[in-house]
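Please write a short report on the structure shown below.

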Amino acid sequence: MRFIIQRDHLLQSVQDVMKAVTSRTTIPILTGIKIVANEEGVTLTGSDSDISIESFIPKEEAGDEIVEIKQSGSIVLQARFFSEIVKKLPTDTVEIEVQQNLQTIIRSGKSEFNLNGLDAEEYPHLPQISEEHVFKIPTDLLKGLIRQTVFSVSTSETRPILTGVNWKVENNELICIATDSHRLALRKAKLEADSTENYNVVIPGKSLTELSKILDDSSDSVDIVITENQVLFKAKHLLFFSRLLEGNYPDTGRLIPTESKTDVVVNTKEFLHAIDRASLLAREGRNNVVKFSTIEGGAIEVSSNTPEIGTVVEEIQSQSIDGEELKISFSAKYMMDALKALEGTEIQISFTGAMRPFVIRPLHDDSILQLILPVRTY
């Protein structure tokens, strides 16, 4: 194998596939990146057997030559060293040549590296997915869906199913739900094409986070293919496979209250900053708890008290308060995460009592909601 390639394109692809490579793998060859060169261009693959990423560098794009293929072939190179080498090469072009006995030479300018390669035949094959049922999502919407839900997945392995995001497709609508049993994030989006298929799968939160990092902010769509145990995201020159989590996701529909006793409408930014300030004194220890109470004249009071440090009290004017008086305590971090995920200048918080979960959603927008369980303090 021998080819000459533009360094920037190679580096971008290496950084993309590196997101799937881990040093903690039981299959030694997966610590490497697989490189395949043929007439069409160069394909790089990285995998940790949960996530696999394939990045394709075409021979030419928009009339510019990116790769010059001298001889087809394939090799697996140690990802950690290869990525560092590519990052630090001196010139804009790189020549990669595989010799007998898998010795691989990387040349750039006056610099030459010689790496021991591994046989690409031994690299595990990527899942073969038949692409009968595909649905499309614009890239920016997909990144939004991930950003607004993935922070609520559980980080504890005691219930592995909760470390993923539940994706349901029904009636041309995609519903994404994440919960760690203390809070829940839900986001819905209409799908463009008529997707007659219904799906109910759980995608690992880690996979979605990595996917979101790789997708560039283009306006193109991402094709999504779901099978029994895999999901494939196809963007331009990029394939991203992830295994699905096994098991049934809990029925979260029952958690979301349908009626409320107190509704408060506040300015999102003002409220976020007030919670942030109140949490300054609550960060010690594990609690991070902020108290919230409605007071006369349509105002709300946000406060926090840590005996050995001090107290903070702040009053915010709300746009409106309907219903009963209320005192409630909750995690400042959960509230701040939720507020950052919501779009819109005004939000409505609906409470059904001091010990019941409460719902936060943007005014006049039903496509997204955040739910938080309060903390017992009163």
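## A polar contact at Ser331

The backbone nitrogen of Lys333 sits 3.3 Å from a polar atom of the Ser331 side chain. A polar contact here is a pair of N or O atoms within 3.5 Å; within protein, one must be able to donate a hydrogen and the other to accept it, and residues adjacent in sequence count only if both atoms are side-chain atoms. The Ser331 side chain also reaches the backbone nitrogen of Tyr334, at 3.1 Å.

This is a predicted model, where local features need pLDDT of at least 70, side-chain atom pairs count only at pLDDT 80 or more, and totals for chains, interfaces and linings use all residues. Residues are numbered from 1 along each chain as its sequence is written, and side-chain values use heavy atoms, with hydrogens and water left out.

Ser331 belongs to strand 25 (residues 327-331). Helices (H or I, at least four residues) and strands (E, at least two) are DSSP runs, numbered from the N terminus. Ser331 counts as buried because its relative accessibility is 12%. Buried means under 20% relative accessible area, exposed over 50%, and partly exposed in between (1.4 Å probe, protein chains only). Ser331 touches Asn288 and Val375, not counting residues up to four places away in sequence. Contact means heavy atoms within 4.5 Å.

## The sheet and its helices

In an open sheet, 8 strands run in the order 8-2-3-4-19-18-17-12, with antiparallel pairing. Two strands pair if DSSP finds at least two bridges between them. Strand 8 (73-78) and strand 12 (134-138) are the edges, and each pairs on one side only. From one strand to the next, the twist averages 20 degrees.

Strand 4 (residues 51-58) and strand 19 (residues 238-243) are an antiparallel pair with 5 bridges. Ile51 has Ser242 as its bridge partner in strand 19. Helix 1 (residues 7-18) packs on the sheet and touches strand 2 (32-38), strand 3 (41-47), strand 4 and strand 19; its direction makes about 170 degrees with that of strand 4. Axes are lines fitted to C-alpha atoms, for helices over the stretch in contact, and angles run from 0 to 180 degrees between N-to-C directions. Helix 3 (residues 139-147) lies across strand 12, strand 17 (221-226) and strand 18, at about 85 degrees to strand 12.

## Buried residues

Leu11 and Ser13 are both found in helix 1. Val231 lies in strand 18 (residues 230-235). Their relative accessibilities are listed here.

| Residue | Relative accessibility | State |
|---|---|---|
| Leu11 | 16% | buried |
| Ser13 | 5% | buried |
| Val231 | 0% | buried |

Leaving aside neighbours within four places in sequence, Leu11 is in contact with Val86 and Lys87. With residues up to four places away not counted, Ser13 touches Leu44, Ser55 and Ile57. On the basis that leaves out neighbours within four places, the contacts of Val231 include Ile203, Phe240 and Leu244.

## Nonpolar cores

Which residues have the most contacts inside the largest nonpolar core? They are Leu10, Ile35, Phe82, Trp167 and Phe233, in a core of 61 residues. A nonpolar core is a set of buried Ala, Val, Leu, Ile, Met, Phe, Trp, Tyr and Cys residues joined through side-chain atoms within 4.5 Å. A second, separate core has 30 residues, including Ile275 and Ala332.
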